[in-house]
Amino acid sequence: MAENTLSVPATAAPARRGAGPHAFLRNAGGRLLPWLLPLALLALWQLGASRGWISPQVLPSPHFVWLTLQDLYTSGDLWLNVHASLQRVLVGYAVGSALGLALGAAMGLWRPLEAYLLPTFNALVQIPVLAWLPFVLLLVGIGEPLKYILIAKAALVPVTLNTLQGFRQTPVALLEVARVYGYTRRQQVLEVVLPHALPTLFTGLRLGFTKAWLSLVVVELVASSEGLGYLIVYGRQLFQLDLVMAAVIVVGAIGYAIDKLLDLAETRVSGSQAATRLGVAGAGARV
Amino acid sequence: MTTTPIDRPPAPRRPAAWRAWLGARWRGLVLPAAAILAWWALARLGWVSTPLLVSPGTVLDTAASQIVSGQLWRALSASLARELTGFAIGTVLGLALGALLGLLPLFNRIVGPSFNTFKQISLFAWIPLISVWFGLGDVAKVTFLSLAALVPVVVNTCDGIRNTPATLLEVARVFGYTRWQTLLHVVLPSAAPSIFTGVYLALIYSWLATIGAEYLLVAGHGIGNTLIEGSEHFRMDLVIFGMFVIGLVGWSMNALARALERRLARHRLGAA
């Protein structure tokens, strides 16, 4: 992943990395290195399956999983379940993060509200989504609202906390400058506090999505009749591990793709932030 | 806490401190108090008649009977034993893997990307596979908990080691430290806060995973099973009590880890 410039037992001289035919080979080798382990594992797995070392009941071969995945795709089952899952997660996430932004901003801008609300919020946060599940289940039944509520709750927590933190970390110096220039409260919030809070806010939104996706799988594992989590449970019940694995792969791939997308958006936002803030950032103490 | 100065009479300090504590906290207590009052009134007045609306008194009765009969203790001790076992295994493995990833660049290039992909897979998605491979008993649960604890420890250990300030490493090189000395006196102290964060997260994650494991691998005792039981028998009082206990345990772990962290930080400052 991230190429860190320093290696800990660093004794190698940096000048040795010259051009030449070796550099190209080394470069290609470096690019291939990350694939070594997964390919080796995959090869071992396939070999083990085809030689009959492992029973397909316990671990189906990669080829079989791939066939199942293709089958899911061509039969349209994949799209059906992905659609159900995505809809759930998007609705829940939208509601949860909107509420979280509002709640975090309100507490961030108005300290008395924080004093009244935050302790209760923090206490409720201690109870994980899975412990809320039976409670909400008894209240609203096993339908879609159950999933929306739990996913929204999962997204709400990090979004609220990060929004609050973002609103609280405006440098005093910037606020003073704004005051000197006679900014109104509204201007202060829109032009000073909010731009400064944006990167932290984005971190919260991204974290919120990760939590929402995680909760989606949990909720679907426990209570649903469609969706990727259901596909996993269904495969498990029929002892079709190929189906389970195919579904796990799809869950991982979608989670990964959306995380990368949000990551991209985040670096974009904080990048433009850094450009506009250049010169002022770092000056002044944090609140 | 700290000793009081001699020239000041110690007697009036106590109520003042108490009032200061309350003065800072009372606003936070308003909302829960109002909520409990409203809940109690709602249950009492009987405007909504549904078996799901249990009064706070019923919940307290359930709590008392669970505590007195020893059911709570049995469930909680089973859950905690599982949690701590999984946490210990996951943390030890995580420290080892994280250290290897952080210290050996080649190992990192080979294993790092695979690990990063692996950790993207939603944790709970492993449960069905684990249940096939390890059954529904404690082996499966502890395996799952170890997995939950492993990930944050690896990530934070590796990050902590890799983020050792270059200047510190240079100083160590100038002083002619051996690799071992550098590791022990430079890298490790510098990475300690990050490693601690990882262990702390592992403690929290493994508690969440304990509830998850008990919920999805339904077998045996545990506080998660208490919740399921309450849910299946439409006993809201049991569900609320279970939620409360789970929240309380999570909160205690948080508080414990934070106190420990503060202690360590002070120790480090004292040593410096």
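Does Phe239(A) count as buried or exposed? Phe239(A) counts as exposed, because it has 11 C-beta neighbours inside 10 Å. The cut-offs are these: a residue is buried with 20 or more other C-beta atoms within 10 Å of its own, exposed with 12 or fewer, and partly exposed in between, with C-beta atoms placed from the backbone.

Before going on, the provenance. This is a predicted model, in which local features need pLDDT of at least 70 and side-chain atom pairs count only at pLDDT 80 or more, while totals for chains, interfaces and linings use all residues. Residues are numbered from 1 along each chain as its sequence is written, and chains are lettered from A and ligands numbered from 1 in the order in which they are written.

Back to Phe239(A). Its phi is positive, about 60°, although the residue is not a glycine. Phe239(A) sits in the loop between helix 9 (228-237) and helix 10 (241-277) of chain A. Helices here are DSSP runs of H or I with at least four residues, strands are E runs of at least two, and both are numbered from the N terminus. In chain B, Phe234(B) also is a residue other than glycine with a positive phi, near 55°. Phe234(B) is found in the loop between helix 9 (223-232) and helix 10 of chain B. With 11 other C-beta atoms within 10 Å, Phe234(B) is exposed.

Now chain B overall. It has ten helices and zero strands. Of its 272 residues, 35% count as buried. Contacts are residue pairs whose C-beta atoms, placed from the backbone, lie within 7 Å. Among the contacts in chain B with a separation of 6 or more, 73% join residues 24 or more positions apart.

On confidence, pLDDT is the predictor's per-residue figure, from 0 to 100. The mean for chain B is 83, and 88% of its residues reach 70 or more. Where pLDDT is low, the predicted coordinates should not be read in detail. For the complex, the predictor gives an ipTM of 0.75 and a pTM of 0.78.

Next, the contact between the chains. It takes 54 residues from chain B and 48 residues from chain A. On the chain B side, helix 10 (residues 236-271) gives the most, with nine residues.

One helix pair in chain A. The axes of helix 3 (residues 77-109) and helix 8 (residues 185-222) of chain A come within 9 Å and cross at roughly 145°. Axes are lines fitted to C-alpha atoms, for helices over the stretch in contact, and angles run from 0 to 180 degrees between N-to-C directions. The contributors include Arg88(A), Val89(A) and Gly92(A) from helix 3 of chain A, and Ala212(A) and Leu216(A) from helix 8 of chain A.

Those five residues are also among the contacts of Ile151(A), leaving aside its neighbours within four places in sequence. Ile151(A) and Ala247(A) have the most contacts inside the largest nonpolar core, which has 111 residues. Such a core is a set of buried Ala, Val, Leu, Ile, Met, Phe, Trp, Tyr and Cys residues joined through C-beta atoms within 7 Å. Helix 8 (residues 179-216) of chain B gives the most to this core, with 16 residues.

Definitions and conventions. Contact = placed C-beta atoms within 7 Å.
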